[in-house]
Amino acid sequence: MTRASVPITGPVLLLGDAMPSTMRKPFNPVKAAAVQAAVERAQTGQASQVGPDPALHSHDAELRWVEAVLRHRLSLHSLGRPIGIRTRDDDTHPLVADGVHFPAVALSISFADRTLDFLATYDDRRRLIFDLLAPCAQCGKPVPTEEINSLGDLGDYLLQTRDGLGGSPRLRTSPAHAADCLARGD
Ligand SMILES: [Zn+2]
């Protein structure tokens, strides 16, 4: 069963009285759009198509390019208002697993009530991927928790429908864990 075909009964209930407290905070256009995308994906079994990523034209502009890809994957341009993203090199994670020369890219989207932190790295198929950083359940350090590559993924995360996501493969290998953290794999 693919991720998109997993039947979800939760969001319909979650949009009612049982909506998580994080969703009740001041209106947030990104969160609202993300939740809508997740619910639509659950109902139709199909993710919305956003088309190919923007192209990287100059390596000097890689940080800006990574930011542009995140904006594209999350369809932020469609929200009709500017969404600020802070983009910088990540001090902890490599851009490529086992790499040493290039740092991963850290991206933050700030809202009134919280900040969403993303980490951009390349997976083993050399595809740029985004993970949402969240405190490790064991050591509390910010580690890649869920792979978020579409607005629907973000909606599933915000709705806590973790079964529809499955966790980031980079959670166990993150060098951000405390040295003795049990969540860290070999
Ligand atoms: Zn940990």
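Author: The questions below concern a predicted model and the reasons for the words used about it.

Reader: What makes the arrangement around the zinc ion tetrahedral?

Author: The zinc ion is coordinated by Cys136 (SG), Cys139 (SG), His177 (ND1) and Cys181 (SG). The 4 donor atoms subtend angles of 106 to 116°, and four donors count as tetrahedral if all angles lie between 85 and 135 degrees. The arrangement is therefore tetrahedral.

Reader: How do you know that those atoms are donors of the zinc ion?

Author: They lie at 2.1 to 2.3 Å, and the cut-off for a donor S or N atom is within 2.8 Å of the metal.

Reader: Why is Cys136 called buried, and why is Cys139 called partly exposed?

Author: Buried means under 20% relative accessible area. Cys136 has 8%, so Cys136 counts as buried. Cys139 has 24%, which falls between the limits of 20% and 50%, so Cys139 is partly exposed.

Reader: What makes the contact of Asp156 and Arg41 a salt bridge?

Author: A salt bridge needs a side-chain nitrogen of Lys or Arg within 4 Å of a carboxyl oxygen of Asp or Glu. Here the N to O distance is 2.7 Å, so the pair qualifies.

Reader: Why is the pair of Asp156 and Arg41 said to tie parts together?

Author: Asp156 lies in helix α4 and Arg41 in helix α2, so the pair joins parts that are 115 residues apart in sequence.

Notes:
Residues numbered from 1 in each chain as written. Predicted model: local features only at pLDDT ≥ 70, side-chain atom pairs only at ≥ 80, totals over all residues. Heavy atoms only, no water. Donors = N, O, S within 2.8 Å, 3.2 Å for Na, K, Ca; no water. Tetrahedral: all angles 85-135°; square planar, octahedral: opposite > 155°, others 65-115°. Buried < 20%, exposed > 50% of the residue type's maximum accessible area, 1.4 Å probe, protein only. Helix = DSSP H or I, 4+ residues; strand = E, 2+ residues; numbered from the N terminus.
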